[in-house]
Amino acid sequence: MAQDVLCEVNNCVYWAHGNQCEADKIYVVSHTGKEADKQEETDCKTFEPQH
Ligand code: SF4
């Protein structure tokens with residue numbers, strides 16, 4: 001289980017200084033809808049944009 005999630009998406013409501021993710025848990029998916037072959041094909045579905 002991941003203890004520390006580092007993330008560069010600093011416009012997400014869960015993002016904190018030091019590239020820390022403060023969400024209780026995150027959900028990562030393959031955005032192609034198929035098995036991912038490389039890291040560019042995965043996304044954090046927990047992302048919520050800051051307003
Ligand atoms: S929820 Fe996802 S996108 Fe948002 S800070 Fe955490 S890892 Fe990054």
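Tutor: Strands here are DSSP runs of E with at least two residues, and helices are runs of H or I with at least four residues, both numbered from the N terminus. This is a predicted model, in which local features need pLDDT of at least 70, side-chain atom pairs count only at pLDDT 80 or more, and totals for chains, interfaces and linings use all residues. Residues are numbered from 1 along each chain as its sequence is written, and side-chain values use heavy atoms, with hydrogens and water left out.

Student: Where is Val5 found?

Tutor: The strand to look for is β1, which covers 15-16. Val5 is found in the segment before β1.

Student: Is Thr46 buried or exposed?

Tutor: Thr46 is found in the segment after β4 (42-44). Buried means under 20% relative accessible area, exposed over 50%, and partly exposed in between (1.4 Å probe, protein chains only). Thr46 has 17% relative accessibility, so Thr46 counts as buried.

Student: What does Ile26 count as at 34% relative accessibility?

Tutor: Ile26 lies in the loop between β2 (20-21) and β3 (28-30). Because its relative accessibility is 34%, Ile26 counts as partly exposed.

Student: Which residues is Ile26 in contact with, leaving aside its neighbours within four places in sequence?

Tutor: Contact means heavy atoms within 4.5 Å. With those neighbours left aside, Ile26 is in contact with Val5, Cys21, Cys44 and Thr46.
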